[in-house]
Amino acid sequence: MAHRNGYTGFNRPYLFAYFCVIMNESMDTEKDLLDGAHRFDEKALAEIYDRHSPGVYRYAMRLLGDVVLAEDCVAETFSRFLVALKNGNGPRQYLQAYLYRIAHNWITDTYRRQPPPALSLEPELHSDPSNDPSHSVPIEMERQEVRAALAHLTPDQRQVIVLKYLEDWRNDEIALALEKPVGAVKALQHRAINTLRRLLVKEEEEVL
Amino acid sequence: MNTQQDHEFDEGLHERLEILRDVPARNPDAAARGRANFLSGVRQLSVETSAGNKRLIAQPVPLPAYQRFNNWLNSLFRVPGRRQRFSLAIALATLILTLALLFGGVGATVYAAQSSLPSDFLYPVKVLSEDVLLDLTNNPQARFDLLLDFSDRRVNEISALAAQGKTVPDDVISRFEAQDDEAFLLLINMDTSKMPDELLKAKIHKRDQDRLLGQTQTNAPDQGVMLELRNRLQWQYGLLEEGQADPHILRQLLNAPGNTETAPVAAPDTDEETPQPGDCPECTPVYGGSGPGPGPGPDNQGEVTQPTESYGPGPGPGQMAPPTQSPGNGNGEVKPSGPPAATPVPGEGGSGTGGSAPSPATNAGGGSHNSSSGGSGKP
């Protein structure tokens with residue numbers, strides 16, 4: 001957690017300059033990739049897939065906990081991206097936020113098709129058989145419990161929580177993905193935390 | 001719950017969420033299949049897009065004719081930096097507006113010219129509009145009314161010019177005479193049943209015209225013109241009174257010999273052959289004749305007055321006499337068919353020429369009689 005609470009012992013101006021250089025290079029590269037994508041350049045589109053599909057997969061996997069659904073989410077996200085390019089509506093910047101927004105919408109639709117399970121201490125477990133069951137089962141149970149708590153949030157609250165605490169995005173980046181102001185992101189975060197606190201802490205107290 | 005508790009709980013909540021951070025490694029085969037599917041979609045999309053572009057280039061859809069016409073108009077009236085749509089309706093509206101302004105401008109000019117005087121810039125427009133109106137009017141009754149109105153206009157113009165101390169142009173008087181003569185020709189050719197009303201109408205016009213000229217205060221240099229005009233109007237007034245008493249007399253008077261050139265229409269009710277000039281050369285009236293014909297007044301007996309230009313009311317009351325009383329030859333012989341006024345010599349309108357009955361249409365008698373040559377020409 002130390003890296004989230006602030007950097008200590010480093011030269012902050014130097015880090016800021018380094019960050020700006022990296023960001024400029026990254027933005028230039030992303031702009032080139034997007035220009036190539038709008039020209040249906042196969043190389044540029046392959047580079048985009050290689051760069052962003054693992055992150056989308058992780059994002060889907062964390063929320064869905066299902067390998068097949070996560071793969072479907074990746075495939076559907078990039079398929080919608082191609083359709084948007086075909087219609088001339090693809091993004092000109094902030095490609096990562098755009099792709100995560102598509103993935104989030106798809107996951108939200110999946111949640112709607114499959115109502116969130118009730119919080120239970122006896123879920124059906126799908127642990128890795130190669131691991132030690134005595135260790136993997138409790139972990140998987142806790143994962144299911146947290147996913148069930150996340151499923152009770154609104155889509156925007158869920159996206160804020162996952163992007164901020166699991167993907168380590170800044171508030172301005174989350175605001176781009178949600179297409180909302182930073183203040184609205186903070187408000188969503190506050191309400192999501194209250195909800196999670198009520199769900200998870202209550203469960204802990206009941207367990208204790 | 002205070003901020004410290006929130007922070008502590010956030011730390012605990014984050015630890016709970018951290019359990020989702022670790023994600024099992026992605027299946028390489030599934031990842032490869034997903035990538036291959038994506039690139040396949042990319043290639044298919046690229047082919048479709050390029051084929052679609054080729055179809056668009058190879059087979060352009062022609063626009064309908066009216067759209068091509070509108071595009072052409074747009075190219076003509078395009079304003080840089082502004083998108084315009086010049087429809088056919090706007091083009092027609094522009095055409096109609098242009099025509100309305102054009103003809104509206106002409107109409108306004110003609111309307112403004114109706115109150116102009118001969119010295120004004122628009123007076124030719126006024127004269128031209130009168131000619132056009134006359135050319136377009138074929139009904140004799142309407143044409144007669146129109147000519148009476150135009151003669152009123154001329155008298156008003158002459159009165160206005162005289163009041164301003166300006167000289168009356170000759171063409172104004174000539175125009176007045178021409179329109180007046182034509183009105184009288186139409187009058188004598190009208191049906192007998194209609195004549196009383198028209199005679200009364202013409203008489204009222206002449207009376208009003210004479211009154212207007214009589215009331216005009218002028219210091220114009222050629223006041224003689226006004227006097228001559230008044231004499232003519234008063235003579236015409238008397239002529240019309242005679243016509244009211246007997247329209248046949250008016251017809252006979254106005255179709256007297258010597259007027260045949262400009263008054264070719266013979267009176268319909270007369271059986272007499274119209275005397276022709278030259279039928280009786282010996283009948284040419286000679287100054288000093290002592291025939292019984294009613295000549296001019298005694299004041300002009302034997303006097304010869306030089307004519308003034310080409311205007312005058314004509315002979316005196318002698319012309320009222322029917323043609324049968326035309327001039328004597330000094331021997332007491334009267335030839336009814338003689339053209340007593342066929343060749344009246346200017347300045348010889350004195351005694352012995354009283355038989356001449358010049359029509360107002362021709363200012364018979366050479367048109368050179370001044371007011372005094374006619375003697376007592378007043379009715």
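This report looks at model confidence, at one pair of helices and at one arginine.

## Confidence in the model

The structure is a predicted model, and chain A averages a pLDDT of 77, with 72% of the residues scoring at least 70. Among the parts of chain A, confidence is highest in helix H3 (residues 67-86), at a mean of 89, and lowest in helix H1 (residues 12-38), at a mean of 65.

Two stretches of chain A call for careful reading. Over residues 1-10 of chain A the pLDDT stays under 50, and the model has eleven contacts for them beyond four places in sequence. The pLDDT is also below 50 over residues 119-125 of chain A, a stretch that has ten contacts in the model beyond near neighbours in sequence.

## Helices H6 and H7

Two packed helices are described by the angle between their axes and the distance between the axes. In chain A, the axes of helix H6 (residues 155-165) and helix H7 (residues 171-178) come within 10 Å and cross at roughly 140°, and the crossing in which H6(A) passes H7(A) is right-handed.

On the side of H6(A), the contact is made by A:Asp156, A:Gln159, A:Val160, A:Leu163 and A:Lys164, while H7(A) contributes A:Asn171, A:Ile174, A:Ala177 and A:Leu178. Of the residues in this contact of H6(A) with H7(A), five are nonpolar, two are polar and two are charged.

## Arginine 197

A:Arg197 lies in helix H8 (residues 182-207) of chain A. A:Arg197 counts as buried because its relative accessibility is 15%, and buried means under 20%. The side chain of A:Arg197 also makes a polar contact, at 2.8 Å, with the side chain of A:Asn194.

Notes:
Residues numbered from 1 in each chain as written. Chains lettered and ligands numbered in written order. Predicted model: local features only at pLDDT ≥ 70, side-chain atom pairs only at ≥ 80, totals over all residues. Heavy atoms only, no water. pLDDT = per-residue confidence, 0-100. Helix = DSSP H or I, 4+ residues; strand = E, 2+ residues; numbered from the N terminus. Contact = heavy atoms within 4.5 Å. Buried < 20%, exposed > 50% of the residue type's maximum accessible area, 1.4 Å probe, protein only. Polar contact = N/O pair within 3.5 Å; in protein donor to acceptor, adjacent residues only side chain to side chain. Axes fitted to C-alpha atoms, helices over the stretch in contact; angles between N-to-C directions. Left-handed = near helix turned anticlockwise from the far one by under 90°. Nonpolar A, V, L, I, M, F, W, Y, C, P; charged D, E, K, R; others polar.
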